[in-house]
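Subject: Structure handover

Hi,

Here is the structure for you to look over. My notes on what turned up follow below it.

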Amino acid sequence: MRKALTTAIFLAAAAPVSAETVVVTADRMVDVLAGKVVEEPVVVITDGRIASVVSRGGGRPNIPEGAKRIDLPGKTILPGLIDMHVHLDSNPRFGGYTGLQFTDMFWVAQGVQNAQDMLRAGFTTVRNVGSEHYSDVGYKQAIDEGLMVGPRIVPAAHALSATGGHCDQTYLPPSFKAKGQAVGDGPQELRARVREQRKYGAEVIKVCATGGVFSRNTEPGQQQLSEDELRAIAEEAHQWGLKVAAHAHGAAGIKAAIRAGIDTIEHASLIDAEGIRLARERGAYLSMDIFNTEYTQAEGAKNGVLEDNLRKDREVAQIQRDNFRAAHKAGVKMVFGSDAGVMPHGTAGGQFRWMVEYGMTPMEAIQAATRTAAQALGREKDLGAIAAGRYGDIIAVDGDPTANVRALEHVDVVIKGGEVVKPAG
């Protein structure tokens, strides 16, 4: 009797578990790998990953009996979008010193809604390039455990900085002894900071190579880490299998970061012709946030942003947009990075319009937020396209975004891993 019972338990455990299958249909699909629109797609998703993609006119999909249907008549489907530069624990409503009215953990708590807003805006994956209290690692863990709603997160934890530089604490007087959690001076200290961030969950390393717009006592054009320091960061991160993103507005800092082997250059506002050439030759990706100044100039003063910060924002805004056009025209690899947190997270899709206005075709702008972003992350087997083997991350919009990219400002349906997380209506 005991032997028979044991055998029954073993057979039950060994029996294959029924796979959950979802079938998504729509009028059109943006194939970002081929750079074209496909009519009447049928996408089969099994256990969260895409099993097959066919057109109703081009073949018969193998659809298991009892599969769940998600039919989206009149819609165009695209891969879930990827924003390569967000700050989930930031809130643009509180600028300058107004944030000091809250306790430290307020910033972690309010980021829960920001993560949901990003997902509902169609961004099924985000790279969070710098947070406090390891909040982005915590968000990722909570989402992965089903305790929080949000996109897939690639966390950077604390951003590395020079003492007194952008990403250090620069707003408070000496008596507060305020210091950024990942500040380092010299190659060896900065190598240690890389190891610390990886130890506590960072999947990408963020370093501030130049001054910034929204820090105090720094200027965007100032280089604040040497090329040797940047190279040490890149070498250490790459040794651990991590990519590196460098905040770099100034031309000298951009070129030093590229020569040091850093993978993506964030902002790249003041990049010059030599920097563009270096980026193209060495394969560095540019992530240029050319949309958010619309918000900061309209709402920043009301939100408490200091005039000095608004001044810096005004000075770099148009130069950055013109350089976006120049870099794209030169053939530099470009990814979508909004800097959400400087403006409301749910409005990140507004950047597509500006990318097209400054030189990209709608398809190129979409690819920057899908195919190219996945390549920059080193995760093209999982993300960035509606293709077999990748996650079943799909969004749906009205109309054809390759004709009018502003359709992406109003995403109607969001599917993450084959599960509808934002239904139509």
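Start with helix H2. Its buried residues are Trp107, Val108, Gln110, Gly111, Asn114, Ala115, Met118 and Leu119. Bear in mind that this is a predicted model.

H2 itself spans residues 104–120 and is not straight: it has a kink of about 30 degrees, centred on valine 112. Just after the helix comes glycine 122, with a positive phi of about 105 degrees.

Next, the second largest pocket. Its volume is about 500 Å³. The lining counts 24 residues. Those nearest the centre are Ile143, Asp144, Gly150, Arg152 and Lys416. By class, the lining splits into 10 nonpolar, nine charged and five polar residues.

How many cavities of 30 Å³ or more does a search of the whole structure find? The search returns one. The volume of the largest cavity is about 50 Å³. Its lining is as follows:

- Pro79, Gly80, Ile82, Thr124 and Thr125 are among the lining residues.
- Asp382, Leu383, Gly384, Ala385, Tyr391 and Asp393 also line it.

Sorted by class, that makes five nonpolar, four polar and two charged residues. Domain 1 and domain 2 both give residues to this lining too, so the largest cavity also lies between them.

Is alanine 234 buried or exposed? It is buried, because its relative accessible area is 1%, and the cut-off for buried is under 20%. Leaving aside neighbours within four places in sequence, alanine 234 is in contact with Val244, Ala260, Gly261 and Ile262. For a sense of distance, take arginine 406, which is 172 residues from alanine 234 along the chain. The C-alpha atoms of the two are separated by 37 Å.

Best wishes

Key: Residues numbered from 1 in each chain as written. Predicted model: local features only at pLDDT ≥ 70, side-chain atom pairs only at ≥ 80, totals over all residues. Heavy atoms only, no water. Bend = angle between axes of the 7 residues up to and from the residue. Helix = DSSP H or I, 4+ residues; strand = E, 2+ residues; numbered from the N terminus. Buried < 20%, exposed > 50% of the residue type's maximum accessible area, 1.4 Å probe, protein only. 1 Å grid on protein atoms, 1.4 Å probe; cavity = no way out; pocket = protein on both sides within 12 Å on 5 of 7 lines; lining within 4 Å. Points joined across faces, edges and corners; volume = space filled by probe spheres on them. Nonpolar A, V, L, I, M, F, W, Y, C, P; charged D, E, K, R; others polar. Domains from an automatic or database assignment. Contact = heavy atoms within 4.5 Å.
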